[in-house]
Amino acid sequence: MAVSFLRHEVSDLCLAKPALRSLSVSATVAHALEALKTSEENFLSVWDCNHLNNNALAGDQCRCVGKVCMVDVICYLSQDANLLSPSAALKAPVSEIMTETTGTVMHVEPSCSLLKAIDLMLQGIQNLVVPIQTRQSLSSRRKQHPKPINSTTSTIHNGQEFCWLTQEDVVRFLLNSIGVFSPLPALSIDSLSLINTADILAINYHSPASSAVQLITQSLTQQTSVAVVDVDGVLIGEISPFTLSSCDESVAVAIATLSCGELMAYIDCGGPPEYLIKIVTERLKERKLQGALESYSSSTSSSSSTMFSSSSSSDEESSVSPSSTRMVRSGRFSRSNSYSARMVRRAEAIVCHPKSSLVAVMIQAIAHRVNYVWVIEDDCSLVGIVTFSGMLKVFREHLETMG
C-alpha cells in the first residue's frame with residue numbers, strides 16, 4: 001500500500017478540478033475586479049498573453065505569471081492616493097495589485113510525481129499549473145457554458161485547459177489516505193514540532209486597521225492570517241485574507257478609517273452594521289476624502305451596489321445560520337466563511353491546543369478551507385500557528401522512511 005502511494009502523480013489530484021479562469025497581464029484593475037466578482041474561485045490566474053486573442057494561443061510562450069484576488073484589490077484601493085481618486089486607481093494595470101508571486105507559481109506536467117509536487121511546495125511554490133485534456137470540443141463546451149462578457153476566459157492552449165494544485169489539494173489528498181501514515185496522524189502537533197512561534201503576524205485590537213495592511217498582504221503571501229490580540233497576548237480574533245476574499249471592494253474604505261477591532265465587526269456576518277457605516281462616513285468627511293465618500297455613500301445606499309463601480313449588479317441576500325455565516329459578493333456566495341465572526345463569538349473558532357493530534361488539526365483546516373490553525377493555551381493566549389506547509393514537511397519526511 002505504501003509503495004503504491006509513492007507512485008501517485010499530480011494528474012491523480014487533478015481529477016474533477018475546474019479549468020482555470022484567466023486574466024491577461026495587460027488587463028486593468030477594473031477588469032480584475034469585475035472578473036473576481038463573477039468567479040467561483042477566490043483567485044484568478046494571470047497570464048502573459050491575451051486569451052481573448054486567438055493568435056495568442058498559437059505561440060508556446062503563453063505562461064501563467066501570477067494570481068490576483070479580492071484582497072489584492074482591497075489593499076490597493078485602501079491606499080491614501082487611491083482613496084483620493086478611485087476611478088484613476090481602477091485604470092492601473094493589474095500588475096499593480098498582483099500578489100508577490102516571484103517563484104510561487106510554476107508549470108508542471110501531469111506526470112510530475114506527488115513527491116516532487118510536495119518538494120516544490122516546500123520550496124515556496126503555492127500553485128502548480130497543470131495542463132488537463134479538454135474532454136469536450138470547444139464548440140460543445142461553449143454551447144453548454146456560454147462565455148460571460150468580461151475579461152476572463154478559460155485558459156486554452158494547444159487544445160488543452162489548465163488547472164492548478166495548491167497546498168490544500170495535497171493535504172486533502174493525504175488526509176484521504178491517512179491510514180498509510182499510521183501512527184503519525186495520531187501524534188500531537190507539539191510532539192511533531194509543528195507549532196510555529198516565530199512567524200506569527202499579530203496586531204493589537206485597538207490599532208488602526210490601516211496599519212494592518214502590510215500584515216494582511218504578508219499573510220496573503222504566507223497563506224496565513226493576521227491575529228488580533230489584546231495587550232496580554234490573548235487571541236481576540238483575526239483579520240483573515242480568506243474572510244476578506246468574500247467581501248467586496250468597499251472594505252477598502254473601512255480599512256482606511258476603522259480600528260482592527262471595528263474592522264472585524266465590519267466584515268462579520270452578512271454585512272456591516274449601521275453604526276459602523278456611520279463611523280466610516282463621518283471619518284471620510286473628517287479626512288475630506290470626497291471621492292471615496294461619494295462612492296461609499298452610493299454603495300451603502302443599496303445592497304445591490306458596489307463601491308468604485310459605475311455599473312450595478314444584483315447581490316443575493318446573505319444566508320445566515322447558527323452553524324454557518326456566509327458573506328455575499330456580487331451575486332455569489334464565497335466558499336470561505338466569516339472566520340473573524342467565529343473568533344469573536346468563541347463559536348467554531350479555528351484554534352487548537354498544543355496537544356491536539358495532527359489529523360484533528362488537518363480536518364479543522366480542511367473543513368474551514370484555510371491553510372492554518374491558531375494554537376492557543378487554555379486561557380486563550382496565543383502560542384503559535386500550524387500551517388499546511390509545516391504539515392507537508394512532516395509528511396514528506398515520513399514518506400522518506402516509506403521509500
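Four aromatic pairs are present in the predicted model. In one of these, F181 and F395 adopt an edge-to-face arrangement, with ring centres 4.8 Å apart and an angle of 75 degrees between the planes. An aromatic cluster is formed by F242, Y372 and W374. A further ring, that of F43, has K67 lying over its face, at 4.7 Å from the ring centre.

Side chains of opposite charge can pair when their charged atoms come close. The structure contains ten salt bridges. Among them is the contact of E249 with K37, in which the closest N and O atoms are 3.0 Å apart. Here distant parts of the chain are again linked: E249 lies in the loop between α11 (241–244) and α12 (251–257), K37 lies in helix α3 (residues 29–38), and the two are 212 residues apart. Both E249 and K37 are buried.

A salt bridge also joins the side chains of D190 and K355, with an N to O distance of 3.3 Å. D190 is located in the loop between α9 (167–176) and β9 (202–204), whereas K355 is located in the loop between β16 (351–352) and α17 (358–368), 165 residues apart. With a relative accessibility of 35%, D190 is classed as partly exposed, while K355 is classed as exposed because its relative accessibility is 65%, against a cut-off of over 50%.

E262 and R283 form another salt bridge, the closest N and O atoms being 3.1 Å apart. This pair connects helix α13 (residues 260–266), which holds E262, with helix α14 (residues 274–286), which holds R283, across 21 residues. R283 is partly exposed, its relative accessible area being 26%.

Helix α10 (residues 213–222) was examined for the placement of its buried residues, which include V213, L215, I216, S219 and L220. These residues lie on the same side of α10 because they cover an arc of only 160 degrees around the axis. In general, an α-helix has 3.6 residues a turn, so residues three or four places apart point the same way. Helix α10 is followed by Q223, which has a positive phi, near 60 degrees.

Definitions and conventions
Residues are numbered from 1 along each chain as its sequence is written. This is a predicted model: local features need pLDDT of at least 70, side-chain atom pairs count only at pLDDT 80 or more; totals for chains, interfaces and linings use all residues. Side-chain values use heavy atoms; hydrogens and water are left out. Buried means under 20% relative accessible area, exposed over 50%, partly exposed in between (1.4 Å probe, protein chains only). Helices (H or I, at least four residues) and strands (E, at least two) are DSSP runs, numbered from the N terminus. The arc is that of the directions from the helix axis to the C-beta atoms. A salt bridge is a side-chain nitrogen of Lys or Arg within 4 Å of a carboxyl oxygen of Asp or Glu. Rings of Phe, Tyr and Trp (its six-membered ring) pair if their centres lie within 6.5 Å; planes under 30 degrees apart count as stacked, over 60 as edge-to-face and the rest as tilted. A charge sits over a ring if NZ of Lys or CZ of Arg is within 6 Å of the ring centre and within 35 degrees of the ring normal.
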